[in-house]
Amino acid sequence: MTTTRVLTGITTTGTPHLGNYVGAIRPAIEASRRANVQSFFFLADYHALIKCDDPQRIERSRLELAATWLACGLDPELVTFYRQSDVPEVLELTWLLTCVCPKGMMNRAHAYKAACDANATAGEDLDAGVTMGLFSYPVLMAADILMFNAHLVPVGRDQVQHIEMTRDLAQRFNHVFGGGRHFFVLPEAVVEEQVATLPGLDGRKMSKSYDNTIPLFEGGTKALGDAIARIVTDSRLPGEPKDPDTAHLVTLYEAFAEPAQVANFRSELQAGLGWGDAKQRLFNLVEAELAPMRARYAEFMAHPDRLEDLLMAGSDKARGLAQPFMAELRQAVGLRRMLALKRAPHADSDGEQAGRSKLARPSFKQYREADGLFYFKFIGPDDRVLLQSHGFAQGKESGAWVQKLKLEGGAVLAGAPVVLTDGVKLEDVLEALSALASA
Ligand code: TRP
């Protein structure tokens, strides 16, 4: 069974509200528990710098978001949870992608175009107030995704264009530098259509910009109760029948209730349940789900050092993948250790050419030992053994790993059942693997 890699970025500005919880946090955490899914969750704090130059706000939001996701049940053992800015390879990749990114493509990015349009309306210079960060933000996002070769990226509608750009950049890089190899998987956007957009207090979509939000954890039980008391309803009195289909209070209730509870709530409203009592029921329901999470949230907020440790462990996991992959990408673009350059073949006599190409081609050797197990070695251009595999019960297991290493190179090295020969540098292995791939 193959594993699907799913990656989610969370921009660290602002404090999450109940709409974020129902629309994004809860479904994403549920999805991360599915079998055959490898999930990456990261705090997109470099993205946050694009919109926000208030260091305190960045700091606070990183803390709150890390605490929120963990309190809501994100399991850092199961998923890879890290801060974007703790994985410097992402920025290295951003530059490699920037160098294959057509400027015209960025001109068409929504966020940039919206800024230009607003400037045009205001009669300003089109680029007034536009930073290079805003302009090239989709490239950073592409690097987030391609660094871990995510297959699926759950996003809102507004982000779909960025995934298309990511695919475009992946294709360009593969084409220019891949030499037949596909360094990057082409990711797909997943727009969750069936996930409810939660209505806010006034019935419009719950959003900070409408000032109609219900807080998730901030302000505790009291703030939750106060917000629920302010949900707008019609003016029907207790005893008068209510129409559950037109009441957004019911939509809020549905986001937290079992179907049987919903049916019951609806018929009670039709039978004349007062809005005050209905709000009390909604409060009880939401509070039952949030209270244990809120307690965990408070724990984390009181112990930021625990968050720090968890996030650093997460970035170690992430870098375990990113470093070898980045080393390969550097090889691919020509950022290599200095070696005597190979001369063009036509300049050589046949004999010399044969000798040189023998020297230049690393190889895998598969064999069986007296213990009955199957093994392989990876031999470098100078006949040194670079990698030695463990023993496999089946020859085809050994063969499958050889194939995988040939095709995917350093990207799978970290998980491969091999040991590096003493004294051999990781760079030498990566170099030999990419020489093999481009041969
Ligand atoms: N730009 C995304 C947003 O505003 C956040 C984000 C950054 C992201 N990098 C990502 C989302 C990579 C998915 C994948 O919502």
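1. I'd start with Gln159: one of its polar side-chain atoms sits 3.1 Å from a nitrogen atom of the ligand. That falls under the polar-contact cut-off used here, a pair of N or O atoms within 3.5 Å (within protein, one must be able to donate a hydrogen and the other to accept it, and residues adjacent in sequence count only if both atoms are side-chain atoms). The protein covers 87% of the 360 Å² of accessible area that the ligand has on its own; such areas come from the Shrake-Rupley method with a 1.4 Å probe, and for residues only the protein chains shown count as cover.

2. A word on the ground rules: this is a predicted model, with local features needing pLDDT of at least 70 and side-chain atom pairs counting only at pLDDT 80 or more, while totals for chains, interfaces and linings use all residues. Residues are numbered from 1 along each chain as its sequence is written, and side-chain values use heavy atoms, with hydrogens and water left out.

3. Asp144 places a polar side-chain atom 2.7 Å from a ligand nitrogen atom, and Thr11 has one 3.4 Å from a ligand oxygen atom.

4. Helices (H or I, at least four residues) and strands (E, at least two) are DSSP runs numbered from the N terminus.

5. Asn149 is buried, at a relative accessible area of 11%; buried means under 20%, exposed over 50%, and partly exposed in between (1.4 Å probe, protein chains only). Leaving out residues up to four places away in sequence, Asn149 touches Arg5, Phe183, Phe184, Val185 and Phe325, a contact being heavy atoms within 4.5 Å.

6. Glu89, in helix α4 (residues 89-98), is buried as well, with a relative accessible area of 5%. With residues up to four places away set aside, Glu89 touches Met147, Arg319, Ala322, Gln323 and Met326.

7. Is Leu237 buried or exposed? Leu237 is exposed, at 53% relative accessible area, in the loop between α10 (220-229) and α11 (248-254). Its C-alpha atom is 8.0 Å from that of Gly272, 35 residues apart along the chain.

8. For the overall picture, the protein chain has 17 helices and nine strands, and its C-alpha trace spans about 100 × 65 × 35 Å along the principal axes. Of its 439 residues, 43% count as buried. Among contacts between residues at least 6 apart in sequence, 71% join residues at least 24 apart.

9. Last, confidence: pLDDT (the predictor's confidence in each residue, from 0 to 100) averages 92 for the protein chain, and 94% of the residues score at least 70. Over residues 347-358 pLDDT stays under 50, and the model has six contacts beyond four places in sequence for them. Where pLDDT is low, the predicted coordinates should not be read in detail.
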